Amino acid sequence: MKIDWAALGSVFGVSLVVTVALVGLFTLGVAGLSRQERAAAQGGSAALAVTGAYVCFAACAAAVAYGIYLIVA
């Protein structure tokens, strides 16, 4: 059995980058929702923050769905 270390390293690197990007995107979504709650407590509106949060969550869901598609196909 021979291990292709270059391919293994490439898969590891891409997985690490995608994982960090997805966690960052999800964090931005959570931060947007918390900003909306803060604005509501002060009597304001943060429609842009909520829209951005939903876009971040949708992008996370799309990335997960694409990953599942790649595995199943």
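Residues are numbered from 1 along each chain as its sequence is written, and side-chain values use heavy atoms, with hydrogens and water left out. Because the model is predicted, local features need pLDDT of at least 70 and side-chain atom pairs count only at pLDDT 80 or more, whereas totals for chains, interfaces and linings use all residues.

A disulfide is a covalent bond between the sulfur atoms of two cysteines, and it was assigned here to a pair of cysteine sulfur atoms within 2.5 Å. The search of the whole structure returned zero disulfides. For C56, the closest cysteine sulfur is that of C60, and the separation of 6.9 Å is too far for a bond; C60 is likewise in no disulfide, the sulfur of C56 being its nearest at 6.9 Å. With buried defined as under 20% relative accessible area, exposed as over 50% and partly exposed as in between (1.4 Å probe, protein chains only), C56 counts as buried at 12%, and C60 counts as buried at 9%.

Rings of Phe, Tyr and Trp (its six-membered ring) were paired if their centres lie within 6.5 Å, with planes under 30 degrees apart taken as stacked, over 60 as edge-to-face and the rest as tilted. By this rule the count is two aromatic pairs, including a tilted one between F26 and F57, with 5.1 Å from centre to centre and 55 degrees between the planes. This pair links distant parts of the chain, 31 residues apart, since F26 lies in helix α1 (residues 5-41) and F57 in helix α2 (residues 47-72), where helices are DSSP runs of H or I with at least four residues, numbered from the N terminus. F26 is partly exposed at 44% relative accessible area, and F57 is also partly exposed, at 22%.

Terms used: Helices (H or I, at least four residues) and strands (E, at least two) are DSSP runs, numbered from the N terminus.
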